Amino acid sequence: NGGGYSYVYGVDGIFQSGKDSYSAGESTAVNKLPTIDFTVTKRWEGDNNNIYGSRPETGRTGHTWEVSFVIQRSTDGTDWENVQVYNGEAVEGEDLIITLYGTDTDTSVSETVSGLPKTDLMGNNYTYRARELQSEDESIVEDDGDIYYDTYQAAYDDDAVSNTTVATNTLLTTKVYAEKNWIGSERTNVT
């Protein structure tokens with residue numbers, strides 16, 4: 001203010017000062033919500049560049065597959081909630097879903113989500129993770145070992161330090177053995 005007093009802005013809540021300093025006589029305070037970036041990576045293993053056409057198809061031009069993820073958050077690493085997004089007039093939010101697109105030769109694709117709140121209203125840090133959605137019914141593929149798209153086994157590597165989730169889908173395979181038994185004389189010609 002004009003009397004030469006200095007004001008110290010506390011960072012105890014969820015907002016931080018949007019400016020490093022304020023001029024004398026300035027009456028507008030700028031607050032900003034501290035945010036973080038979160039990266040989701042999709043990896044395919046064992047399907048030899050989608051040789052069997054087993055990845056979920058897409059209608060997007062220039063791509064052959066797509067995978068959707070719901071972004072979740074937690075303050076304790078145990079209880080997870082889907083991150084909600086709101087448009088300007090919505091009373092209820094919608095789940096934050098991101099979709100990754102790739103081609104058959106892509107064994108890995110990543111996308112970064114920016115602007116996610118760093119803390120809850122009490123100042124507790126959020127940890128974020130991503131979980132795949134089944135293509136046919138959008139149910140969540142929650143845990144390591146769950147089956148994705150009837151063909152892949154899912155594994156998640158969630159890293160709270162680097163704010164990443166790597167979702168790896170490994171093609172489920174089986175071995176088929178056959179034994180040939182000849183009936184009749186060994187000298188019989190086969191045509």
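Visitor: Leaving aside its neighbours within four places in sequence, which residues is Phe-38 in contact with?

Guide: First, the basis: this is a predicted model, in which local features need pLDDT of at least 70, side-chain atom pairs count only at pLDDT 80 or more, and totals for chains, interfaces and linings use all residues. Residues are numbered from 1 along each chain as its sequence is written, and side-chain values use heavy atoms, with hydrogens and water left out. Contact means heavy atoms within 4.5 Å. Beyond its neighbours within four places, Phe-38 touches Ile-71, Glu-111, Thr-112, Val-113, Leu-116, Tyr-128, Arg-129, Ala-130, Asn-163, Thr-164 and Thr-165.

Visitor: Is Phe-38 buried or exposed?

Guide: Buried means under 20% relative accessible area, exposed over 50%, and partly exposed in between (1.4 Å probe, protein chains only). Phe-38 has 0% relative accessibility and therefore counts as buried. In the chain of 191 residues, buried residues make up 29%.

Visitor: How many residues does the largest nonpolar core have, and which have the most contacts inside it?

Guide: A nonpolar core is a set of buried Ala, Val, Leu, Ile, Met, Phe, Trp, Tyr and Cys residues joined through side-chain atoms within 4.5 Å. The largest one here has 25 residues, and those with the most contacts inside it are Phe-38, Val-40, Phe-69, Ile-71, Ile-98, Leu-116 and Tyr-128. At least two residues of this core come from each of several strands, including E3 (35-45), E4 (65-74), E9 (108-117) and E10 (127-132).

Visitor: What does the secondary structure of the chain come to?

Guide: Helices (H or I, at least four residues) and strands (E, at least two) are DSSP runs, numbered from the N terminus. By that rule the chain has 0 helices and 13 strands.

Visitor: Which strands pair with E4, and in what sense?

Guide: Two strands pair if DSSP finds at least two bridges between them. E4 runs antiparallel to E8, joined by 6 bridges, and Phe-69 stands opposite Ile-98 there. With E10 the pairing of E4 is again antiparallel, over 6 bridges, and Val-70 faces Arg-131. E4 also pairs with E5 (residues 81-82) in the antiparallel sense over 2 bridges, where Gln-72 stands opposite Asn-82. The hairpin of E4 and E5 has 6 residues between the strands, and in it Gly-77 takes a positive phi near 75 degrees. As for burial, 9 of the 10 residues of E4 are buried.

Visitor: In what order do the strands of the open sheet run?

Guide: The open sheet has 5 strands in the order E9-E3-E13-E12-E11, with mixed pairing. Its edge strands, E9 and E11 (147-148), each pair on one side only. Within this sheet, E3 and E13 run parallel, joined by 7 bridges, and Lys-42 stands opposite Ala-167.

Visitor: How is an aromatic pair described?

Guide: A pair of aromatic rings is described by the distance of the centres and the angle of the planes. Rings of Phe, Tyr and Trp (its six-membered ring) pair if their centres lie within 6.5 Å; planes under 30 degrees apart count as stacked, over 60 as edge-to-face and the rest as tilted. The structure holds 5 such pairs. For Phe-38 and Tyr-128, the centres are 6.2 Å apart and the planes are at 45 degrees, so the pair is tilted. Phe-38 lies in E3 and Tyr-128 in E10, so this pair ties together parts that are 90 residues apart in sequence. The rings of Trp-44 and Trp-65 have centres 5.2 Å apart and planes at 80 degrees, so that pair is edge-to-face. Trp-44 in E3 and Trp-65 in E4 are 21 residues apart, and both are buried.

Visitor: Where does the charged end of Arg-131 sit?

Guide: A charge sits over a ring if NZ of Lys or CZ of Arg is within 6 Å of the ring centre and within 35 degrees of the ring normal. The charged end of Arg-131 sits over the ring of Tyr-156, 3.9 Å from its centre. Likewise, Arg-60 lies over the face of Tyr-101, at 4.1 Å from the ring centre.

Visitor: With which side chain does the side chain of Asp-47 make a polar contact?

Guide: A polar contact is a pair of N or O atoms within 3.5 Å; within protein, one must be able to donate a hydrogen and the other to accept it, and residues adjacent in sequence count only if both atoms are side-chain atoms. The partner of Asp-47 is the side chain of Arg-55, at 2.7 Å. Asp-47 is found in the loop between E3 and E4 and, at 2% relative accessibility, counts as buried.
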